[in-house]
Amino acid sequence: MYTLKFDENLCKTCPTCACLVKCQYLNLGIDEAKQEMMKIIEGEDSFVLQDCVTCYGCEEYCKRGNHPFYLITERREEKGILTSPRAITKQWINIGEPRGKYKLGEVKERVLSFGFMPEFLQLVEGRLFEDVMPSFVFGQEFFCNVVYIHFANTSIIKKRLPMVIDNFRKLGAQEVVCMHDECYGSFAHLAPAYGIEVPFRPIHYFEYLYSRLKALSDEIRPLNIKVAYQRPCSSRLCPDKHHFVKDIMEFIGVDLVDRTYQDENALCCGGIFGMAFGYELKDDVQKRNIDDMVEHGAEYCVFNCPACQNTLAEKVARRGIKPIHIIDLCRMAIGENPVMEVS
Amino acid sequence: MKDIALLLAEIVGERYVSDRPEEIYFYARDPGLMPPHKPNYVVIPKTTQQIQKIVRLANQQRIPVVPMGAGMSLTGLVIPLKGGIVIDMKRMNKIIEVNEKARYVIVEGGTSQGALKAYLEKNYPRLRHSIPDAPAAATIAANIMIHGQGRLTQQYGFNSDMVAGLEVVLPSGQICKIGSCSLVPGWFSKGAPLPDLSGLFLGWFGATGIITKVALKLYPKKKMRDVEIFITDREDLVPDIVYELTHTEMAEDINIFAQPLPMIFKDNHHITIFITGDTDDELEFKRKMIWGALDGFIKSKDGGFMSIPPALKSTLLEMPQRSVSRFADVKKGGGFEYSGPILLVERYPDCSRKLVELASKYDLAYSAMARIIGRGHCMMFGFSFTFNRADPDMMARVREALQEVSEYVLEIGGVFWKPTIDEQRLAIERMDPTTLNLMKMIKRNLDPNGIMNPGNWEVT
């Protein structure tokens, strides 16, 4: 079985303990943070194991290359600590079970991976993806399963992720353009953290989009709109690709409003919070987040993750902000219509 | 018997009478599992007076009469078990009057759910009726006759509780008005403050008379609707969850479903809660109350609100829901039948376990679907099986499973809903003798010749 490569000494010698100190949902000073992190490392009980809301933020806050959130997840699983109600956990694990109902396009060495998000089947229409489509995969057989860190279950990831990687290998994929942060994060960051070999090059779709926009630069008309970006939890698994949001916005003439809850301070969409912890946390986070978008004059809310979009689209629309996926925004910049409804 | 066809043609016109085999074939069966039986004639009247004449003729000739809406009960209630005349009510489909301020509508006995829904949406957008999850062709009169349930059942009870008056053609051929309309022009009450005579007809499946007009209560239609789904893996907690939910008085409707496929539904019980509001604030207030009522279950990790994919949400918000039709084709071949007894909500865990046991025993695809009636006063629990009509063995297994359900339901204190004739016999056998005697007195007095939908509620 694969085990997490976690360097205790990096934590013991860490001058900031930023993983917990910067947490937006737990209130810890540096001394307490160090103390609790040591307890977690030693396998002792820590309130963090009970109270962590699974925002994934600590994976980004740690600049020393350790994996605090994966460790928290491992310890929770060892101790049988549930993050979400059993029924929710079971439901999500059932959804991801391979059933032989995957879809394959005309798979080539470079392939788009939609994981198990059907929204991407629509979103990749048009010229932005014409140099790779119809080379795509979709279905549980290609679903990275990393979402189960929300549910304190790394066993299922360790069991399924190698099979998923093997499915790509069998197709002869050399480059996998991941349409979701979690997918990219799993191949580029989580798999190496667990010593799982990845026999292809994962590419984040932001990087792909950016290069396509450059290729289509003659057709770009600046959109001249003000947008707020809804950063998803899974972006914390691959913070090295976050800069592409700004790069893309600049390139298509979009003003990314400088708001409170962005970059490292981004707030979760609240979807997982509602399922796991109930109304209050979800409502509080969503209100603060959307108020912040409104206060900073955003006309559009740009989504990266379709799940965030499903959770927040109606809510931002009710506040006068148009929800849109980043791919649709890029599509607008080259004169194409969005494929998902913009209300 | 040929003369009868001519006599019927004199009443309704030649076009609207048939004894042709290709038409008789369809009127011999319903979409469920009950064996077919052919009528001798089918007649499609247009007026109450025509129905009077048909019934008088049937009485003279001692010919059975079976009134029929859309024929979708699935339990064979309009299969003409002793032949005779099927009276297809579909041409009597006028929406006669809407009293907006008093919130009721008067419709003819063959008016469909879909027609009323469309009419209200177009002309009275602030009014609605309780729409059952039956195809839109199902009729209002048939639905109240079987004590159907719909989207407002959690708030207001059975759809038959929403009746505000009736016009009935008695087996003698007389027209009888039931409720306030028997005394004054307004159709605002089916009984109170008078003796409530609607019970002489509702639930009798046409064995005591033919409903030719129905006044139905209408309710405020809010501008917005939404749905939440609370899931738990513990069936024993469902009654407590429902109790907390109904206490809030915030839900429009509460349904529960559990089924093994697709995988998103495996292992859990799904309590579907519909909410309505005229403003975002109203809707959000109700949502907050509902989530708050179940917070204890979330904190104990015994249940939570699931994220609803957009496609599922739009399916759930449909009225009626077409997902039932999709379930009917799970096994390909389009067969679907359920037994939907009315029971105490506390029996949910027993029913749920029994359904899984029966599905395993008879190797059947299944779905549990329960609808909360009133503020948890009782529920309809649907033991649903799907089957391939081209597979007689599978159909036989479904029949056997449903027979076991019938026995089981009585054991655990349930009452059959829209019972098959076998279930009616079981009910008659076990009913309180004095009650049964009262039913006999009613039937003998109203239908002394036993011509009305014979085979159903044969108490005499």
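How many bridges join strand E8 of chain B to E9(B)? Four do, and the two strands, E8 (residues 163-169) and E9, run antiparallel. This is a predicted model: local features need pLDDT of at least 70, side-chain atom pairs count only at pLDDT 80 or more, and totals for chains, interfaces and linings use all residues. Residues are numbered from 1 along each chain as its sequence is written, while chains are lettered from A and ligands numbered from 1 in the order in which they are written.

**Confidence**
- Chain B has a mean pLDDT of 95; pLDDT is the predictor's confidence in each residue, from 0 to 100.
- In chain B, 99% of residues reach 70 or more.
- For the complex, the predictor gives an ipTM of 0.94 and a pTM of 0.95.

**The sheet in chain B**
- Five strands form an open sheet, in the order E5-E6-E10-E8-E9, with antiparallel pairing.
- Strands are DSSP runs (E, at least two residues), and helices are too (H or I, at least four); both are numbered from the N terminus.
- Two strands pair if DSSP finds at least two bridges between them.
- Strands of a sheet pair through backbone hydrogen bonds.
- Strands E5 (95-99) and E9 (175-178) of chain B stand at the edges, each with a single partner strand, so one side of each has no neighbour in the sheet.
- B:Val168 stands opposite B:Cys176 in E9(B).
- Helix H3 (residues 48-61) of chain B packs on the sheet and touches E8, E9 and strand E10 (210-217).
- The direction of H3 makes about 50 degrees with that of E8(B); axes are lines fitted to C-alpha atoms, for helices over the stretch in contact, and angles run from 0 to 180 degrees between N-to-C directions.

**Domains of chain B**
- Chain B is divided into domain 1 (2-88), domain 2 (95-220) and domain 3 (224-411); the bounds come from an automatic or database domain assignment.
- The centres of domains 2 and 3 of chain B, taken over C-alpha atoms, are 27 Å apart.
- In chain B, 14 residues of domain 2 are in contact with 13 residues of domain 3; contact means that C-beta atoms, placed from the backbone, lie within 7 Å.

**Where chain B meets chain A**
- Here 22 residues of chain B are in contact with 21 residues of chain A.
- Strand E12 (224-232), helix H8 (280-293), helix H9 (295-299) and strand E15 (303-305) of chain B each supply at least two residues of this side of chain B.
- H8(B) gives the largest share, four residues.

Note on methods: Two residues are in contact if their C-beta atoms, placed from the backbone, lie within 7 Å.
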